[in-house]
Amino acid sequence: MSSAFRKAAKSGQRPHRERSQPAARRKLGLLEKKKDYRLRADDYHKKQNALRALQKKALDKNPDEFYFKMIRTELQDGVHKIKQPKDEVTPEQVKLMRTQDIKYVEMKRVAEAKKIERLKSELHLLDAEGKNPNQHVFFFDTKKEVQEFDIATHLDTVPELVDRVYNRPTIATLQKETLKGATDPAHLKKLAQQRKNQYDLLKQRIEREKAMFVIAQKIQTRKDLLDKTHKVKVKKETTSGPAIYKFKFQQKR
């Protein structure tokens, strides 16, 4: 037992213990304890030196000193932020820029439409994916005819050509004329892959042309909104179409 505890026990007093500083209150500074006087003194001198440095900096500052950031910054939530300069354009200039934008988009859309027409002329669109398959209906009088029905015999062609929807010659044509074109299975597979790639390219170009048409409509709508005429929004803008406004009719002089 320490001497402080023995003295307190003899005198009947409650021994005093220095409590440690809670972690939640450390940000408020050091506690005034005997053994922490050196830490408190160092902290005090550090703050005093910082204040003297700030005072000296303020005294040395030129009162006529000017920085452009003094007028280009604004205080937002206690933080200085640089103001973003606004583009100064007249309404006529805005209309002209919008007109140039819509002309460019329209030019690209027309070029895409011409490429689509060129691809469509090269492809027959007979076995394109996503196309609804044609139905060939055969009619019979009796159930026996239905059971004995053979599609190759009925179409007068070979069984290998039954699945074709185009270029399906009859047996008589095959006997008279020699078979033209590729007959090797590997070559046929390669041609089928090339045809599929062409159809995929055509599909992409059609979607791109539709997207450009929607963009042109939206730009035209924004251009129309620059007019001072009173208008009411009828339909909100969507990804597939522009917003629709109803303008007040004004008779032109």
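Visitor: Which residues does E112 touch, not counting residues up to four places away in sequence?

Guide: This is a predicted model. In it, E112 touches R205, R208 and E209, with residues up to four places away in sequence not counted.

Visitor: Where does E112 lie?

Guide: E112 lies in helix 4, which covers residues 91–122.

Visitor: Is E112 buried or exposed?

Guide: E112 is buried, because its relative accessible area is 6% and the cut-off for buried is under 20%.

Visitor: What does the side chain of E112 do with R205?

Guide: The side chains of E112 and R205 make a polar contact at 2.7 Å. R205 is itself among the buried residues of helix 8.

Visitor: And which residue forms a salt bridge with E112?

Guide: That residue is R208, and the closest N and O atoms of the pair are 2.8 Å apart. E112 is in helix 4 and R208 is in helix 8 (residues 185–224), so this pair ties together parts that are 96 residues apart in sequence.

Visitor: Is R208 buried, partly exposed or exposed?

Guide: R208 counts as partly exposed, at 34% relative accessibility, whereas E112 counts as buried at 6%.

Visitor: How far apart are E112 and E209?

Guide: In sequence they are 97 residues apart; in space, the C-alpha to C-alpha distance is 6.0 Å. E209 is another of the buried residues in helix 8.

Visitor: Which side chain meets that of R109 in a salt bridge at 2.7 Å?

Guide: The side chain of E106 does, with 2.7 Å from N to O. Both residues lie in helix 4, three residues apart, which is about one turn of the helix.

Visitor: How accessible is E106?

Guide: E106 has 30% relative accessibility and so counts as partly exposed.

Visitor: Which residues are linked with E106 in a network of salt bridges?

Guide: R109 and E209 are linked with E106 in that network.

Visitor: How many salt bridges are there by this rule?

Guide: The count comes to nine. One of them joins the side chains of D200 and K196, at 3.3 Å from N to O.

Visitor: How are D200 and K196 placed in helix 8?

Guide: D200 and K196 are four residues apart in helix 8, so about one helical turn separates them. D200 counts as partly exposed because its relative accessibility is 29%, and K196 is partly exposed with a relative accessible area of 34%.

Visitor: What span should helix 8 have, and what are its end C-alpha atoms apart?

Guide: Helix 8 has 40 residues, so at 1.5 Å a residue it should span 58 Å; the end C-alpha atoms are 59 Å apart, which agrees.

Visitor: Which residues of helix 8 are buried?

Guide: They are Y199, L202, R205, E209, M212, V214, A216, K218, I219 and T221.

Visitor: A change of topic: which residues make the nonpolar surface patch?

Guide: F66, Y67, F68, M70 and I71 make a nonpolar surface patch of about 570 Å². I71 has its place in helix 3, residues 69–72, and counts as exposed because its relative accessibility is 53%.

Visitor: Now the chain as a whole. How many helices and strands does it have?

Guide: The chain has eight helices and four strands. From the N terminus on, the elements run α-α-α-β-β-α-α-α-α-α-β-β.

Visitor: What percentage of the residues in the chain are buried?

Guide: Buried residues make up 13% of the 253 residues. The chain exposes about 23,200 Å², of which carbon and sulfur atoms supply 53%.

Visitor: And what share of the contacts joins residues at least 24 apart?

Guide: Among contacts between residues at least 6 apart in sequence, 38% join residues at least 24 apart.

Technical notes: Residues are numbered from 1 along each chain as its sequence is written. This is a predicted model: local features need pLDDT of at least 70, side-chain atom pairs count only at pLDDT 80 or more; totals for chains, interfaces and linings use all residues. Side-chain values use heavy atoms; hydrogens and water are left out. Patches are made of residues with over 30% relative accessible area and no salt bridge: like charges are joined within 9 Å, nonpolar side chains (Val, Leu, Ile, Met, Phe, Trp, Tyr) within 5 Å. Accessible areas come from the Shrake-Rupley method with a 1.4 Å probe; for residues, only the protein chains shown count as cover. A salt bridge is a side-chain nitrogen of Lys or Arg within 4 Å of a carboxyl oxygen of Asp or Glu. Helices (H or I, at least four residues) and strands (E, at least two) are DSSP runs, numbered from the N terminus. Buried means under 20% relative accessible area, exposed over 50%, partly exposed in between (1.4 Å probe, protein chains only). Contact means heavy atoms within 4.5 Å. A polar contact is a pair of N or O atoms within 3.5 Å; within protein, one must be able to donate a hydrogen and the other to accept it, and residues adjacent in sequence count only if both atoms are side-chain atoms. The expected span of a helix is 1.5 Å times one less than its number of residues.
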